Amino acid sequence: MTVALFVPCYIDQFYPHVARAALTLLERLGCRVEVPLDQTCCGQPLANTGFAREARPVMAHFVRVFAPYEYIVAPSGSCVFHVRHHLEADDAGAVRHVQQRTYELCQFLREVLQVERIPARFPHRVAVHDSCHGLRGLGLGRPSERMTPAYSMVRDLLRQVDGLELVEPSRPDECCGFGGTFAVEEEAVSVRMGRDRLGDFLQAGAEVVASTDMSCLMHLEGLARREQLPLRFLHVAEILAGAD
Amino acid sequence: MEGFIELPVVDHARLAARFVADAERAQWHDELLWQVRLKRDRAAAEVPEWEELRRLASAIKAHVLSHLDHYLEQFEAQARAQGLQVHWAWDAAAHNRIVHELLATRGARCVVKSKSMLTEECGLNPYLEARGIEVIDTDLGERIMQLLRQPPSHIVTPAIHLRREEVARLFHEKLGVPAHLTPEEMVRVARQALRQKFLEAEAAITGVNFAVAETGTLVVCTNEGNADLGMHLAPVHIAVMGIEKLIPRLVDLGVFLRLLARSATGQPLTVYTTHIGRPRPGQEVHVVLVDNGRSRRLGLSRFWPALKCIRCGACMNTCPVYRRSGGYSYGATVPGPIGAILMPGYDTARYQTLPYASSLCGSCREVCPVQIDIDEQLYAWRQEVGPRYVPRLKRLAMRLAARVLASPGRYRRAGRLLRWSLRRLPRRILYGPWNGWGRARELPSAPAESFLEWYRKTRASATAQR
């Protein structure tokens, strides 16, 4: 199966090891992975700020780059949510194709590859930080508000990792407060939300906070490093690809 | 709501920062509302068909709103047939004028009012007070806010932001009772003070939770019985309602009643659910149907679903921003997520920051009993607001970013420059006052090489050679 790896711009620039982990993981699971070198950004930062019209050339470029592929996979729930729900470009057919074929990594592993066994070991206490766009936007799990049977693709995958112990914060899926430009525009509330989230992870006894989204983790890790909290932050792909 | 006076722009971020600055209060407020959210979860979990009810409620509201003319006329005919007097108000001014005329022609000097967000929206209290009519709010939370001469901070629990000691102090100052009363004692004091007003009042004003078109009846849901006492004692009952409060049939009511109190406070039902039909002998019942921007909103193809709202407040209780920024940070009659999509429809310039007072986490959409896609509407409002009101410099930055991100070459060069700056610039420059991110957070560390650069070097060339 050929998969195009969609590397969100901030992962490309700040977290290349996360993209490498996703690449390694997909190849290990038998995918032929192609990395379109002309990819830039999906346009989400602009669109979420209210500039979807200005972002149209960015989105059109994204569609051109990824339209040839049958499967497009990204290690980010947020960017995939944007692609699936807010992508705008003139070529409506190509847009629809790209929207239907773009998957968040964990979702791709569970729904398409139906991975049941991950050959990885990670003997640590891990708390999952569900990114809101992944959880409520893409349905990677059952959000705590919803009165339907519980499930979680991310936890289903992490449970396959040898030695890994999942711990749960008291508020299962509260937002971390990143929210794109919200983190800066509403700095006070954003920081407060992040600190509360970190406190909840610490009281749950977590050593590691794992997420499908480095954007949430960039915010949480930024706070934790400033306050020198004893927490590590890893993308789920890093754990599944064999981080230690 | 569209006055001729230009009102100042609500700066949510600044007001929120002020609220958060009192860390202890912000934490208490957050925890208190989170407990209400948990009560809602437990109450909803007891209803196996909860999600089905939400779908149904949403569909019923969509149906009513798309046939509103029909149901309004049906309601009017049915209500008149059983002796209710129906009035139509195009806007807040007409609403206030109608209510005042009804009171003035009957010589009413004192009126008791149960909770009605519509009268807040229309500014009825100051309007009547300026014309010599005393208005007593009888909902306890609302009464507290009235004694403080402040608006409610939450649509269901108006004084949620106040601690009991603050209320005790207020009662001490305004009602002349000893300071440091317990909550039970304060309720007793309030009840005694209000009882006298109930007996004096020449008219009672209530809001309306639902109006049933088929029967021409009104439904009012309260927990304190204050609406009932008011309307049963006073010779004149004036019920005011937005035109979106209609439901088609009495059987539809069950869907909403099962959702409303569970979503609002985690109760299976409100303590009182009162149906108002034929007036008792000697009593007048008036219904004022208020538009005030609602039919214009109904014409907005993207934003009409906000009219489905049944004012349960669940979106406020679950909102991680509202819980930490307080109701006043929205500067609006209806705060929180629903306010953030309602208010810009009335005055886009004034409420331009509200669509940004959200991390777009979507929790509001998930708790909404009528499935309003609040997060998607916030996104859509940002598209309206951004290009028009966002400061010029930021707009320019957005255009520049779009140019960079639309071109692989420019993206590569900009990325290299950004990472170089993060690695090389001294900390005092990187973390200068311009850096809102860095006030409380470290910036991510920048690698020498981006992923795509690494891939081009190691993998792409290998692929090419193969």
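## A walk through chains A and B

Start with chain A, which splits into domain 1 (2–112) and domain 2 (125–240). Keep in mind as you click around that this is a predicted model. Colour the two domains separately: their centres, taken over C-alpha atoms, are 21 Å apart.

Now look at where the domains meet. Domain 1 of chain A puts 22 residues into the contact, and domain 2 of chain A puts in 21. On the domain 1 side, select helices H1 (9–14), H2 (16–28), H3 (44–48), H5 (77–86) and H7 (105–112) of chain A; each supplies at least two residues to the side touching domain 2. Which helix gives the most to that side? It's H7(A), with five residues. Colour this side of domain 1 by class and you'll get 14 nonpolar, six polar and two charged residues.

Next, show the strands of chain A. Four of them make an open sheet, ordered E2-E1-E3-E4, with parallel pairing. At the edges sit E2 (32–34) and E4 (102–104) of chain A, each pairing on one side only. Going from one strand to the next, the twist averages 35°. Zoom in on E3 (residues 72–74) of chain A, which runs parallel to E4(A) and is joined to that strand by three bridges. Pick A:Ile72 and you'll find A:Thr102 of E4(A) opposite.

Time to go inside. The largest nonpolar core has 198 residues, and those with the most contacts inside it are A:Ala22, A:Val73, A:Leu240 and B:Ala203. Centre on A:Leu240: leaving out residues up to four places away in sequence, A:Leu240 touches A:Leu25, A:Ile118, A:Ala120, A:Leu157 and A:Val161.

Now bring both chains into view. Here 60 residues of chain B are in contact with 56 residues of chain A. What does the chain B side consist of, by class? Its residues divide into 38 nonpolar, 10 polar and 12 charged.

Last stop: strand E10 (residues 284–290) of chain B. Five of its seven residues are buried, so E10(B) is largely enclosed by the rest of the structure.

Conventions
Residues numbered from 1 in each chain as written. Chains lettered and ligands numbered in written order. Predicted model: local features only at pLDDT ≥ 70, side-chain atom pairs only at ≥ 80, totals over all residues. Pairing = 2+ DSSP bridges. Helix = DSSP H or I, 4+ residues; strand = E, 2+ residues; numbered from the N terminus. Axes fitted to C-alpha atoms, helices over the stretch in contact; angles between N-to-C directions. Core = buried A, V, L, I, M, F, W, Y, C linked by C-beta atoms within 7 Å. Buried ≥ 20, exposed ≤ 12 C-beta atoms within 10 Å, placed from the backbone. Contact = placed C-beta atoms within 7 Å. Nonpolar A, V, L, I, M, F, W, Y, C, P; charged D, E, K, R; others polar. Domains from an automatic or database assignment.
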